[in-house]
Amino acid sequence: MKVVSIRDIHIGMGIPKVIVPLIGRTIEELLLEIKSLQTNFEIIEWRADFLEGIEDITKVKKTLSTLREVLYPTPLLFTFRTHREGGSKIIEDSYYETLLVEVMKTKEVDLIDVELFSPKVTEIMQAAKGTDVFIIMSNHDFEKTPAKEEIIWRLKRMQELDAHISKIAVMPNNPTDVLTLLDATYTMYSLYADRPIITMAMASTGVISRLAGEVFGSAATFGSGVASSAPGQIPAVDLKYILGLIHTKQE
Ligand SMILES: O=C1C[C@@](O)(C(=O)O)C[C@@H](O)[C@@H]1O
């Protein structure tokens, strides 16, 4: 397993890491969100698709710089979630590429989310070579849970495309879908993955999948700070406590 290490955080080793999304629309809102986090979490995700003025790359870089300064040394993940995968804004594919490539070049992020099904995935991965940003490649299905084989295929494809971490979020329509996601996770983890994977079933039916990563092989999990960025996220403080309980029980 190629563990992804950022300063003293090791993704793919030990208890799953808690990632807290920031969803503020302005720098003021983002700073308030950070202030109200009750403890230090392992990784912070900036969901830049919520930013007002995302079309202005200078504004994005300035906001990023401030966040970096305030949050350092906590690892920072930059995510622009596209509208077709559940994000809050529609942008051109060409701007998605520009945004990610420009952000990588700033050296002010540790991790960046790249969507597997972006028409620009090859260009973005090419640009990522030669930077030291870790790529979390992702896919989201807000409608349904694909078949086990399909989930595994997508995670493997991310590995083939040189992502450092592969991630998938699916929508369960019943408890069996959650079992499908967990089964795919454990199969991928135990048979095919040579690097960390992150998986989750969303909404309340899927909450269990956000807690049980250490058992099934998911290396990180998203928990809400001030507000959640996807259905089924529980508060990060509770998440951290439960992950600790599950870890203790395994010993
Ligand atoms: O990809 C993910 C996972 C997520 O959708 C979730 O279900 O927790 C939350 C998003 O903020 C993040 O980018």
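Mentor: Two residues are in contact if their C-beta atoms, placed from the backbone, lie within 7 Å. Helices (H or I, at least four residues) and strands (E, at least two) are DSSP runs, numbered from the N terminus. What you see is a predicted model, in which local features need pLDDT of at least 70 and side-chain atom pairs count only at pLDDT 80 or more, while totals for chains, interfaces and linings use all residues. Residues are numbered from 1 along each chain as its sequence is written.

Trainee: Which residues of H3 and H4 meet?

Mentor: From H3 come Glu97, Leu100, Val101 and Met104, and they meet Glu123, Ile124, Ala127 and Ala128 of H4. Residues can also be sorted by class: Ala, Val, Leu, Ile, Met, Phe, Trp, Tyr, Cys and Pro count as nonpolar, Asp, Glu, Lys and Arg as charged, and the others, Gly among them, as polar. On that basis the contact of H3 with H4 has six nonpolar residues, two charged and no polar ones.

Trainee: At what angle do H3 and H4 pack?

Mentor: Axes are lines fitted to C-alpha atoms, for helices over the stretch in contact, and angles run from 0 to 180 degrees between N-to-C directions. H3 and H4, the latter spanning residues 121-128, pack at about 10 degrees, with axes 10 Å apart. H3 is therefore roughly parallel to H4, given that angles under 35 degrees count as roughly parallel, over 145 as roughly antiparallel, 65 to 115 as roughly perpendicular and the rest as oblique.

Trainee: How does H2 pack against H3?

Mentor: H2 (residues 57-71) packs on H3 (residues 93-106) at an angle of about 40 degrees, the axes being 11 Å apart, which makes H2 oblique to H3. H2 contributes Ile57, Val60, Lys61 and Leu64 to this contact, and H3 contributes Thr98, Leu99, Glu102, Val103 and Thr106. Sorted by class, the residues of the contact of H2 with H3 are five nonpolar, two polar and two charged.

Trainee: What angle and axis distance describe H5 and H6?

Mentor: For H5 (residues 148-160) and H6 (residues 175-192) the packing angle is about 45 degrees and the axes lie 9 Å apart, so this pair too is oblique. Among the residues in the contact are Ile151, Ile152 and Leu155 of H5, with Leu181, Ala184 and Met188 of H6.

Trainee: In what order do the strands of the open sheet run?

Mentor: Two strands pair if DSSP finds at least two bridges between them. Here eight strands form an open sheet with parallel pairing, in the order S9-S8-S7-S6-S5-S4-S3-S10. S9 (197-201) and S10 (220-222) are the edge strands, each pairing on one side only, and the twist from one strand to the next averages 25 degrees. Within the sheet, S7 and S8 pair in the parallel sense over six bridges, and Ser138 has Lys167 in S8 as its bridge partner. H5 lies across S7, S8 and S9, running at about 150 degrees to S8.

Trainee: Where do Pro73 and Lys107 lie?

Mentor: Pro73 is in the loop between H2 and S5 (76-79), and the peptide bond joining Tyr72 to Pro73 is cis, with omega about 10 degrees. Lys107 is in the loop between H3 and S6 (111-115), and although Lys107 is not a glycine, its phi is positive, at about 60 degrees.
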